[in-house]
Amino acid sequence: MKRLVSFFSIYVGICSIKTNTLEELIYSTALELQKNFSVSLFENFINNLNLKRPSFDDFCVSFKQLAYSKYKNKYSNVVINKKKVQYVLKEFELFILDNEDFVVPDFSIEHIKDDKDGGNACYIGNFIPLPPRKNGKLAGKTMVDKQKLYEKSSFASTRKFSQHSECLNWKDESIEKRSKAMAKEFYDNIWKV
């Protein structure tokens with residue numbers, strides 16, 4: 001089932017491909033699975049879905065465009081989707097934690113580079129999870145101050161980011177590189193089909 005979730009997270013969640021392109025495969029396999037369920041039949045279904053998985057390049061382009069900002073006027077050509085960003089950050093945290101109970105505490109989205117600064121600040125590579133109260137205290141702080149708080153975070157992905165080689169010198173290029181690295185991690189490992 002995890003592989004099914006992974007496939008649909010990539011196919012629909014990130015790449016926004018319509019599921020009607022899968023109707024024939026899903027309906028025929030669902031009927032067959034209902035009549036004669038077997039692990040090998042289900043495995044065959046997953047393998048057939050995997051053949052329709054978008055390429056890494058297509059996934060990466062869509063993944064890097066995941067965006068959230070409170071300053072929508074700064075990003076008029078960007079599709080803001082807070083729920084997708086939260087979903088991705090939650091999945092990333094679960095992967096870093098290797099957490100089998102699938103529980104992540106409530107968090108708010110921390111913009112490493114301040115949201116109000118524009119540029120690439122609205123994109124996925126610029127986000128980490130933080131408890132809402134701690135996040136609210138960081139607006140306008142220096143990267144040195146932010147890193148100190150990140151190091152002590154209850155979120156493993158945030159602590160891991162605090163050790164990032166570019167953490168103290170965070171720029172638009174850093175966001176772009178981290179977005180691509182995250183996309184690779186998701187495609188190859190987190191949502192491996």
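User: How do you know what share of the contacts with a separation of 6 or more comes from residues 24 or more positions apart?

Analyst: Contact means heavy atoms within 4.5 Å. Among contacts in the protein chain with a separation of 6 or more, 67% join residues 24 or more positions apart. Before we go on, this is a predicted model, where local features need pLDDT of at least 70, side-chain atom pairs count only at pLDDT 80 or more, and totals for chains, interfaces and linings use all residues. Residues are numbered from 1 along each chain as its sequence is written, and side-chain values use heavy atoms, with hydrogens and water left out.

User: What makes a stretch a helix or a strand, and how many of each are in the protein chain?

Analyst: Both are DSSP runs, numbered from the N terminus: helices are H or I with at least four residues, strands are E with at least two. By that rule the protein chain has 9 helices and 2 strands. Going along the sequence, you read α-α-α-α-α-β-β-α-α-α-α. The C-alpha trace spans about 60 × 35 × 25 Å along its principal axes.

User: Why is Ser 6 called buried?

Analyst: Buried means under 20% relative accessible area, exposed means over 50%, and partly exposed is in between (1.4 Å probe, protein chains only). Ser 6 has a relative accessible area of 1%, so it counts as buried. You'll find Ser 6 in helix α1, residues 2–14. Leaving out residues up to four places away in sequence, Ser 6 touches Ile 190, Trp 191, Lys 192 and Val 193.

User: And what makes Asn 189 partly exposed?

Analyst: Asn 189 comes out at 41% relative accessibility, so it gets the label partly exposed. Asn 189 belongs to helix α9, which covers residues 172–190.

User: What makes something a pocket, and how much space is in the largest one?

Analyst: On a 1 Å grid over the protein atoms alone, a pocket is an open set of points with protein on both sides within 12 Å along at least five of seven lines, and a lining residue has an atom within 4 Å of a point. The largest pocket holds about 370 Å³ of space. It is lined by 19 residues, and the closest to its centre are Lys 70, Ile 109, His 111, Asp 115 and Asn 135. Elements giving two or more residues to the lining are α5 (82–97), β1 (108–111) and α6 (132–136). The largest share, 4 residues, comes from β1.

User: Is Asp 115 buried or exposed, and why?

Analyst: Asp 115 has 8% relative accessibility, so it is buried. It lies in the loop between β1 and β2 (127–130). Beyond its neighbours within four places in sequence, Asp 115 is in contact with several residues, among them Tyr 68, Lys 70 and Ala 121. Its C-alpha is 10.0 Å from that of Lys 72, which is 43 residues away along the chain.

User: How much of the protein chain is buried overall?

Analyst: Of its 193 residues, 45% count as buried.

Definitions and conventions. On a 1 Å grid over the protein atoms alone, a cavity is a set of points where a 1.4 Å probe fits but cannot get out, and a pocket is an open set with protein on both sides within 12 Å along at least five of seven lines; lining residues have an atom within 4 Å of a point. Grid points are joined across faces, edges and corners, and a volume is the space filled by probe spheres set on the points.
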